[in-house]
Each structure stands twice: as structure tokens, then as C-alpha cells.
Amino acid sequence: MFRIKNFIDGEFQEVNSGDYIPNIDPSRGKPYGEIPDSNNVDIQNAVEAAKRAFPFWSGLKGHERFHYLLSLAEGIERRMDEFVNAESKDNGKPISLARAVDIPRAISNFQFYASAALQYSSESHHTEGLGINYTLRRPLGVVACISPWNLPLYLFSWKIAPALAAGNTVVAKPSEITPMTAYLLSEVAKEVDFPSGVLNIVHGTGSRTGDALVRNEGVKAISFTGGTQTGKRIIEVAGTQFKKLSLELGGKNPNIIFADCDFDKMLSTTLRSSFANQGQICLCGSRILIEDSLYDRFKDAFVEKVKLMTVSDPSKEETKMGAVVSEQHMEKILRYIDLAKREGGTIICGGSRVNLGGELENGFFIQPTVIEGLDQLCRTNQEEIFGPVVTIDRFANEAEAIEKANATPYGLASTVWTENLSRAHRVAESIEAGIVWVNCWLERDLRTPFGGVKSSGLGREGGFEAMQFFTEPKNVCIKY
Ligand code: NDP
């Protein structure tokens, strides 16, 4: 069994408590490694190391940080296959997805923010009759990056890269459920001689390691992606310490389909936006809203295609749907499917666990599931399921589409399908969400603001938004 270690002050270190937790392969339902469950002492050591490294790292020129960040991107690229295999095994996601999306995106995150270290600049305001004001943007110090299990290295690096580019030193905690690629990243940091203490990676459970990190007084800011409930707990603890917070939380995203859409394009993209990564992407459209006149055609065509989607071994190249991430998560998804039935929904496709037999017989596999006949205000349509489960519902007109789209506490992302340009703009403006995709899904330009409204979060990541989060502005006023 492979035991991973914490990476603190440029060294691999044993966990202070001596406690380890199993790392489970979700496609086999069996442990294949062990993870340290770090405590306060490990966190304190990491924060101290990051504090010591801060004067050096924040004092570097932009082009020096650029080279260091690029070396991380290159180090991942050199070990591409290892990263791809690790991500698929840890998470249960199809290996083709890890190869096409997760690991390339992690590389891009480091490349993109390497270049931001070169390009970041601050503002200046000329005040007529007085003089000038200019804004100094300084790094914050030691910052915490906490990420979830669904896109492990993708989201981990999406936080670490801008934090480092802006001149901060980092203590990062990946999800305990998917720690392997974060561990491999620490190996890369060691290989490329990344300066000691600048990037520290500490493993463990949220309630112990994550909580200790959030509470640590040496931490100046927390960039967190995860569930809304965890986000609330972090606000309760860190808000009273006046730490800067960036919170990317849950979603219950509408996928709004008008009758005038390009049907084939919409259908193939809707299959992806419903079930990619087994529906475990915060941006998946889990509530599909279809205009009345298209409803029956959509339902027939969609269900026919969903029935053809087979769940299989994530390590096989041809697999499109793998395992969900853990037994606990699988049970949660199955409970929601039961709830949907009790709420009066009809399961028109899927709805059960899948037993693939052989060495996968204990794996956490669920059929892609489509549910019909539920009100938008029922729990199934209000609460985040985060699995391969979508509901379909109809709307009569644009106003009703918008009303239904906005009828949840969440507001992360949304998708709109229409060939009517004016309607696309109108609907995009009216939807309560941080991101609207029109006639596409998951197209990402890393310069754009990324985040949600309402219970989906606080603040934005992406582009210069992240650089601003990870710096403190100071206005300097100079009189003529
Ligand atoms: P969690 O909120 O359970 O966990 C996220 C991270 O926080 C994990 O590293 C977790 O550790 C840690 N954590 C848990 N409790 C605490 C605590 N008290 N203090 C500090 N850290 C803690 O989310 P999941 O990992 O289950 O991820 C799924 C959620 O993430 C979904 O709600 C999804 O919508 C959301 N998400 C949002 C995205 C966005 O951009 N808005 C993108 C991707 C996912 P551990 O795993 O060890 O418990």
C-alpha cells in the first residue's frame, strides 16, 4: 500500500499524529493506499515554513516567478501518463477525461498564471488639480488553498497558481478523497527545486486538517472550492478573523432549451453537460428545462441516447462513464433518486447502482438517470445531488423559463439554447448566475471571471480577478 506524505518546507514529512486514513479506489471499492490525517501541528509547521519563505518569494521579480511556475507546468507534462492514471484511479473518472481535460488544464493553469506574473499591473488615477493616486498591490503573505475531489488537480492548481504568481506562499490541502495528483505535484516541486516553503501540501480530512488550516492565525486568506455547507462553516470561523475569503460553492444549474435551438448540437452537448464526470462537475446542468413544443421530441431523443451510455471500467480508453467518487457519495445519490420517487417523479431511465462484476463488483457505479414530473420547488430540484442525475421539465414561454431557472438558492452556471440572438441576450441578462453559456457548455477562457451568486459563492476566480484576490491594494496619493 502506497503511503503518501505531507510536503512541508521542501521536504516529505511524516504526519505528526501518526494517523493515516485509507485511500479508496472507487471503481473497485477497495483501499489502495494511505493518506496522512494531519493535525494542528502539521499545519502550524507548514504555515511557519510558508512564513519563512515569504520574504524571498514576494521579493522575486515577476519574470523569476514566471520561470518557477513554468517549471511546475513542465514537470507535470513530463509525467503526464502518471498524472492521468492517478487522477482516474483516485476519482473513478474515465481515463480519457483525465487525459483530455483534467491534467492538461492543470498544466494550463500554471502556464496561464506564470504569464500573469509578467503582466499584472496596478491602476493609477489622475485627480485634477491635486495630483495622482496610484495603487500598490502587494501579496498577502501565507494563503490557504482548499479544493474538492471532483476535478482534483484542475481545481487545486487553479488556486495555487494565481496565489504563487501574485507573490504569496501557500499551504494547500487537497480533498482527502482524491489526494494522489496533489502528492505527485509535490514530487514535481521537489524535482524542479521549487524553493522550500513556498508551496506546502498538507493532506487530511476536512474536519481536522482543513479546519486547522482555516483557523490558523498565520493564514491571511482562504481560497476554497467545495460544498455550500462547508463554505458556511469557513465563513463562521474565518470571517471573524477578517481573513480574505474566496468561496466557490455548489450549484443546481438550469439548462434552458428553446424550440428554435440547433437540435443536434444541443442534444450532444446536453448529454455531456448532464453526465460528464458522472455529473460531478459543479457546472453540470442538472435541471433541464425544455420549451413545451419541443418537449416530447427532446425527451424521446435524449432518453434514447442516455440508454446507450454504458457505465464501465474508468481505466479503459473507450469508457465514457466511470465510477462516482466514494461509497458515501454513491449512497447519497441513490437516496436522492429514492426521494425523487417519493416526491412524485418518474424515473424514465436509469435509477440504480450498476454491478460490473469481477474485480469491479464492489465499485461505486450508478446508471445515468433521467427523472420527469417534478415541481421545481421540490427537494430533488432544489438541492445539489452532484451525480449522474438530471430532471426534465417544461416551460411555456421565456418568462416561465427564467422564473424556473432562478427558482433555487443557487446561482453558479446556466446554459441557454436558442438561435434567436435577442432572446439569448435577454435571457442571459435575467438569469441569476455567475456564468451563462449560450449554445455551448464548459467553454472556458481562463481570463474570464469565474464564480457564482446566491448560495453558490463569494468572489470570483479567473484572470486578474484571482490576482486581485491574492493581493492587497494600497492607495498612494501624491500631491503636485
Ligand atoms: P466539501 O465541501 O466537502 O470539501 C471541499 C474541501 O474542503 C475538501 O478538501 C474538504 O476536505 C475540505 N473541508 C471539509 N470540511 C472542512 C472544514 N470544516 N474546514 C476546512 N476545510 C474543509 O466538498 P466536496 O469535496 O464534497 O466537493 C463537492 C462540492 O464542491 C459540491 O458542492 C460542488 O458543487 C462543489 N464545487 C464547486 C465548484 C465551483 O467552482 N463553484 C467546483 C467544483 C466543486 P475533505 O475532502 O477531506 O473532507
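**Figure 1. Salt bridges in the predicted model.** The structure, a predicted model, holds 31 salt bridges. The close-up views below present several of these contacts in turn.

**Figure 2. Salt bridge between Arg 3 and Glu 34**. The closest N and O atoms of Arg 3 and Glu 34 are 2.8 Å apart. Arg 3 belongs to strand S1 (residues 2-3) and Glu 34 to strand S5 (residues 30-36), so this pair ties together parts that are 31 residues apart in sequence. Arg 3 counts as partly exposed, at 42% relative accessibility; Glu 34 likewise counts as partly exposed, at 26%.

**Figure 3. Salt bridge between Glu 398 and Arg 426**. The two side chains meet with an N to O distance of 2.8 Å. Because Glu 398 lies in helix H13 (residues 398-405) and Arg 426 in helix H14 (residues 421-430), the contact ties together parts that are 28 residues apart in sequence. Arg 426 has a relative accessible area of 41% and is therefore partly exposed.

**Figure 4. Salt bridge between Lys 454 and Glu 432**. The side chains of Lys 454 and Glu 432 meet at 2.6 Å, N to O. Lys 454 is located in the loop between strand S21 (435-438) and strand S22 (457-458), and Glu 432 in the loop between H14 and S21; the pair, 22 residues apart, links distant parts of the chain. Lys 454 is partly exposed, at 37% relative accessibility. Glu 432 is also partly exposed, with a relative accessible area of 37%.

**Figure 5. A network of salt bridges**. The residues linked in this network are Asp 25, Arg 28, Lys 89 and Glu 359.

Terms used:
Residues numbered from 1 in each chain as written. Predicted model: local features only at pLDDT ≥ 70, side-chain atom pairs only at ≥ 80, totals over all residues. Heavy atoms only, no water. Salt bridge = Lys/Arg side-chain N within 4 Å of Asp/Glu carboxyl O. Helix = DSSP H or I, 4+ residues; strand = E, 2+ residues; numbered from the N terminus. Buried < 20%, exposed > 50% of the residue type's maximum accessible area, 1.4 Å probe, protein only.
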